[in-house]
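This briefing goes through one chain by topic. Please keep the sequence and the model open while reading.

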Amino acid sequence: MKGNRNKRGPVDKTVLKDGTLGRLIRMIFSFYPVLLPFTLACILVNAIITAIPSLFQQRIIALIEQNWQSGDWAGVSAQILSLVLTLAVLYALSLIAGTTYNQCMAVITQGSLKKIRTKMFDGMQKLPISYFDHNEHGDIMSYYTNDVDALRQMISQSIPQLLNSGIILVTVFSLMLYYSVWLTILVVGGIVVMTKVVKKVGGSSGRYFVKQQAAVAQTEGFIEEMMNGQKVVKVFNHEDAAKRDFDRINDELFAVSEKANRYANTLMPILGNIGNMLYVVLAFAGGVLLFLKVPNLSLSGMALSISITVPFLNMERQFAGQIGGISQQINAIVMGLAGARRIFALMDQQPEKDEGTVTLVRCQERNGQIEECSERTEQWAWKKVEADGSVTYKRLEGDVVLKDVDFSYDGEHTVLHEVNVYARPGQKVAFVGATGAGKTTITNLINRFYEIQKGTITYDGIDIQDIEKASLRKSLGIILQDTVLFTGTVMENIRYGKLDASDEECMAAAKLAGADSFIRRLPKGYDTMLIANGANLSQGQRQLLSIARAAVADPPVMIMDEATSSIDTHTEAVVQKGMDALMAGRTVFVIAHRLSTVQNSDVIMVLDHGRIIERGSHDELIAARGSYYQLYTGAFELE
């Protein structure tokens, strides 16, 4: 099992201070520059109206107090009715604003997540292969699932509710100061106590919620790894060990989740009871102030009375409730920002560098001049736009040269040493050697999946660093040992090599690869649906489809990395004719353990620990009686 699942580690509360929230808001605003401000205005209207009913309550009680002795109930009733109708209109407006902002937030949330996922995926397509070598696929998937879901929760619910509660708090607190400074001072004392509780209990809850998010990503990565490796698990009877590993990871998730939710579930009752105690203290203090007739200190200038005390108690209830609501949202916001930080970390990954300016185009020759064309002419040329705007073309010949190449994956341990390869146009060049000798690494360098530390690699005399990567890779057809098939029909998988290929071209490629006969025996022939990486096909059939996919792409240069390793000897004989037709006239690099597949190569290179120790044709190497001779006469398979 891989041991670096925790490499990202838990994200602490610094997510509240590192600018992630500001960056997220700016991004959402860029997505919805008009709708977002409109939604915020609706939240503002809804929150203010929600906070002001105590104003009407105070006025109604004051009217009753003032006219209790006079008995002018007709005039009082009219004023009270006017206040009630005004409040009803405001509530209707609040209902409209609340409904509108919730509908708008649904659009903003889902639209933003769609655009964020698009940005993530588009950026991921530009990342170098080394990124995927160093990061587990399960961890990468958690960006799109766990982290995006935490972000959804924050954008759709937590931030709007936090804004709503914040506006209500400010409005209610202003009303409190307006009516009574003495009673407001008591409320401030309660706020101090609540703040300390939130900081202590809520802070612990937030930390564990973030750890929970990291633990969920770890669990998802483990489950995906087990799903992909089920055959290996079963063949080695590793079920019990897998269960033990999962139990350990699951226990870690349970531990942090239990603590996170225990703190979160404890916070609300504590805050609720502090609010109840504050209510009692305010009621008692208000009664004492009324009894002692203490002069009221307020911005309104009104004397303290029942009409102020009763609405003030209701405002305290509302105020305490909003503090509890805010404390609940803090955890979700911390988790959402932790997810946003990781999402931004993925977006900020440096894309694969490509400074190449030379492109690959189809061409034809007229009057001795190379001309660019769109037709499938089987001829290719390198196109270069000069500094003065003129265009030069150079025919693609397939002349690939590696000269004095050194390479290291990590910058410390060199895996290729002074490698020199000369692949002339139309030649078949084979690499043989033990596992880890550096065979596949050489072809990865030709593709520029990795960059060399020393030496040069030229393609038709052009440094490959000057060639646009898309054009370079378009010129290199690859058949890998590990076949990858995508969910779709057989026809669609073959067409993956050339998206505009016709059905006839795909069928011709399948015939060339020797795949046509078995495809036609499938339940729906070329329209048979493949799922789970072609699990309903044999390994050899999957490899034949991979070869057909390369054939339809019609690349000038082919790289075959153990292309026939999964095909039995009988099938190999059938396929070899198609392979020979596919390789005719092309420069071909072949990597093989099975020496019988490389005997007809023009040049065979024997690698050992990153060095080329022998080179020559099969006959030349046999005559030399060196390492290749010992491998060939000792066994046809290299291990």
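D460 lies in the loop between β8 (454-459) and β9 (462-463), where helices (H or I, at least four residues) and strands (E, at least two) are DSSP runs numbered from the N terminus. The model is predicted: local features need pLDDT of at least 70, side-chain atom pairs count only at pLDDT 80 or more, and totals for chains, interfaces and linings use all residues. Residues are numbered from 1 along each chain as its sequence is written, and side-chain values use heavy atoms, with hydrogens and water left out.

**Positive phi values**

- D460 is not a glycine, yet its phi is positive at about 55°.
- D460 is buried at 5% relative accessibility; buried means under 20% relative accessible area, exposed over 50%, and partly exposed in between (1.4 Å probe, protein chains only).
- R625, also a residue other than glycine, has a positive phi near 50°.
- R625 sits in the loop between α18 (618-624) and α19 (627-634), and with a relative accessible area of 56% R625 is exposed.
- Most residues other than glycine have a negative phi.

**Whole chain**

- The chain contains 19 helices and 16 strands.
- Its radius of gyration is 36 Å, whereas a compact globule of 639 residues would have one near 26 Å; the radius is taken over C-alpha atoms, and the globule rule is 2.2 Å times the number of residues to the power 0.38.
- Along the principal axes, the C-alpha atoms fill a box of roughly 125 × 60 × 50 Å.
- Of the 639 residues, 47% are buried.
- Among contacts (heavy atoms within 4.5 Å) between residues at least 6 apart in sequence, 75% join residues at least 24 apart.

**Six-stranded sheet**

- Six strands make an open sheet with mixed pairing, in the order β10-β13-β14-β7-β15-β16; two strands pair if DSSP finds at least two bridges between them.
- At the edges are β10 (476-479) and β16 (611-616), each of which pairs on one side only.
- On average, neighbouring strands of this sheet are turned by 20° against each other, direction ignored; axes are lines fitted to C-alpha atoms, for helices over the stretch in contact, and angles run from 0 to 180 degrees between N-to-C directions.
- Strands β7 (residues 428-433) and β14 (residues 587-591) are paired in the parallel sense over four bridges, and V588 in β14 is the bridge partner of K428.
- Helix α16 (residues 539-553) packs on the sheet and touches β10 and β13 (557-561). The direction of α16 makes about 175° with that of β10.

**Four-stranded sheet**

- A further open sheet has four strands in the order β2-β1-β3-β4, with antiparallel pairing.
- β2 (369-372) and β4 (391-395) each have a single partner strand, so one side of each is left without a neighbour in the sheet.
- From one strand to the next, the twist averages 50°.
- β1 (residues 359-366) and β2 run antiparallel and are joined by four bridges; Q364 stands opposite E371 in β2.
- Four bridges also join β1 to the antiparallel strand β3 (residues 380-385), with V361 opposite A381 in β3.
- β3 and β4 run antiparallel with five bridges between them, and A381 is opposite R395 in β4.
- The hairpin of β3 and β4 has five residues between the strands, and G389 there takes a positive phi near 90°.

**Surroundings of N420**

- N420 belongs to strand β6 (residues 414-423) and is buried at 16% relative accessibility.
- The N420 side chain reaches the backbone oxygen of E418 at 3.2 Å.
- Leaving out residues up to four places away in sequence, N420 touches L402, K403, D404, M605, I612 and R615.

**Cysteines**

- The structure has zero disulfides, a disulfide being a pair of cysteine sulfur atoms within 2.5 Å.
- C42 is in no disulfide, and the nearest cysteine sulfur, that of C104, is 5.9 Å away. C42 is buried, with a relative accessible area of 10%.
- For C373, the closest cysteine sulfur is in C363 at 6.5 Å, too far for a bond. C373 is buried at 13% relative accessibility.

Methods
Polar contact = N/O pair within 3.5 Å; in protein donor to acceptor, adjacent residues only side chain to side chain.
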